Amino acid sequence: MSQHTGYSFPILKPSDIVPCMADLHISVSAEDLERPTPAKMLSVFETCAEIFMGVSQESLPHFAALDIPEHPEIHQDDIALMGFYRLISKLIANIGIGDFSLRDLIKPEPARVRKILSGIINFAKFREERLSVFEQCTQKSAEFVEQKAFLIEKKQEVAERVNTMRLQRAEEEPAYQRVRERNLAFTAELRELKRIQTAMTSDIENLKKSKNETIEKLARIVPNPEKLQKALTDMQSSIASEKTSLAAREKQYRDLLSKLDAMTDIVACSKLMEECEFEMKKAAAASNKLATEQENSERKKQELQDANIKQQQFNRQLSNINEKHSRLKKQYSSKKEANDAKMRDLCSSYEATLKERDANNQKIEANNARILELDEKISAVRKKIDAENASFQESFSKLKTRGERYCAELAKAKAVLFKLRHDESLRDILGEKILIEANSMTKGHFNLFKGFVDCQFKVKGTVGEALVRIKGSRTAAKDVWHLSKLVVEPLGKPDREAIIYA
């Protein structure tokens, strides 16, 4: 047996399998699912074969193998069981269970029975969903039957035409051969006469030319009038005989033209025969096509038979659906009464809910008003915070600029103080511990971005104080400052001169 690819379907519970099988008019109980017996499973599979395949146990074909043994009644049940197994195995394989075996019939197991019955239920539901497709197939089958009848009728007409053309061709074949032979003979004769006509036309032209030359010579020289008269008489007689011969040739030529017209009719007849052969080829092709259509028609007939079987199955299924509909209708009436009572209770609770909702809506409106008021306050506070942040950012940028300037001045002052502290001449004037005077102010310009400095400040030591003037520049932000001027002027000591370092 060929293995089929298993389809995916859920394994149902016994409580779900029993009502589903009842809908298919197959009696199965929960005990049958827990402890299945061969007789019960055989009965279930027979009913499934009758529902889905339209084949009953009585309609199974007779097996020729029963006639071979001496006592066929001994093997009758076994052979019938094997035949039924082959039939039901095809159905189970199409359902999607490819490992179905004879053991499932003669020694069923609960798990296998649940799986097989779940597949059968899944297949039955699939058939219900595809009912519309079946109706379309039925409609197409009717159209194919009409088309088949039309093609059979057309085939008969074509066959009659082909037979008529074959008989006509067989009757006309000897005449066609005779006409063809005569046509070949006339063609050869016509070519020969054409050659003779061409030669005679050339001779006549030569004679006319010779006559004209002779007349010209006689006009110039006349030595012997008698001989000339005799020559003229001979020439006239020769011309008369040539004219007679030319008239005969022209008559023969006209006869040949009439024969040529007859040959034209023969050529037309030949073309007609070729057209007949072409039509016969077309008829043969149509016959082949008709044979193909017959095969297709036989296949469609088999499909129609299958469709009729399926239609019977669908009719049984429809009756099951009607019964199920009546049961559902009764259930609907009982459930409707319960739902009406429940609806009355729900209406009373709904009215209470409406009152509660109105109270909640009033609270919500009050809360919404409070929320709007809080939103306005929050927006006002946010604007105030944004203004304070902007003011803070502006103050911070200014403070940052001043800090940078201070750091730069401090770094520059440290560099200058380092130089001053290590100068021996200045140490004699100011003493030790030279520092920038705390209360003094820096005057001048100091621009880090443009890279130049021109300022002055006071320094003080243990002995005296002095005024420091510096001037310098740099090309980039990370370059070293280059001082073009560094002057230290002692204060309170007029006898001391200013010290210039650059």
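## Ground rules

This is a predicted model, in which local features need pLDDT of at least 70 and side-chain atom pairs count only at pLDDT 80 or more, while totals for chains, interfaces and linings use all residues. Residues are numbered from 1 along each chain as its sequence is written, and side-chain values use heavy atoms, with hydrogens and water left out.

## The chain as a whole

Let's start with the overview. The protein chain has nine helices and six strands; helices (H or I, at least four residues) and strands (E, at least two) are DSSP runs, numbered from the N terminus. Of its 502 residues, 21% count as buried. Here buried means under 20% relative accessible area, exposed means over 50%, and partly exposed lies in between (1.4 Å probe, protein chains only).

The chain exposes about 36,600 Å², and carbon and sulfur atoms supply 55% of that area. Accessible areas come from the Shrake-Rupley method with a 1.4 Å probe, and for residues only the protein chains shown count as cover. Taking contacts (heavy atoms within 4.5 Å) between residues at least 6 apart in sequence, 61% join residues at least 24 apart.

In soluble globular proteins, nonpolar side chains tend to be buried together. A nonpolar core is a set of buried Ala, Val, Leu, Ile, Met, Phe, Trp, Tyr and Cys residues joined through side-chain atoms within 4.5 Å. The largest one here has 31 residues, and M21, F45, I92, L117 and I120 have the most contacts inside it. Two or more residues each come from helix 1 (14-23), helix 3 (38-53), helix 4 (72-95) and helix 6 (110-129). Helix 3 gives the largest share, seven residues.

## Aromatic pairs

Rings of Phe, Tyr and Trp (its six-membered ring) pair if their centres lie within 6.5 Å; planes under 30 degrees apart count as stacked, over 60 as edge-to-face and the rest as tilted. That rule gives four aromatic pairs. F45 and F100 make an edge-to-face pair, 5.7 Å centre to centre with 85° between the planes. Because F45 lies in helix 3 and F100 in the loop between helix 4 and helix 5 (103-106), the pair ties together parts that are 55 residues apart in sequence. F45 is buried at 0% relative accessibility, and F100 is buried at 3%. Ring pairs also link F45, Y85 and F100 into a cluster.

F392 is exposed at 52% relative accessible area, whereas F396 is partly exposed at 44%.

## Strand pairing

Two strands pair if DSSP finds at least two bridges between them. Strand 3 (residues 452-460) and strand 4 (residues 465-473) run antiparallel, joined by nine bridges, and form a hairpin with four residues between them. Within this pairing, F452 has S473 as its bridge partner in strand 4.

Strand 4 also runs antiparallel to strand 5 (residues 482-491), again through nine bridges. There, E465 stands opposite L491 in strand 5.
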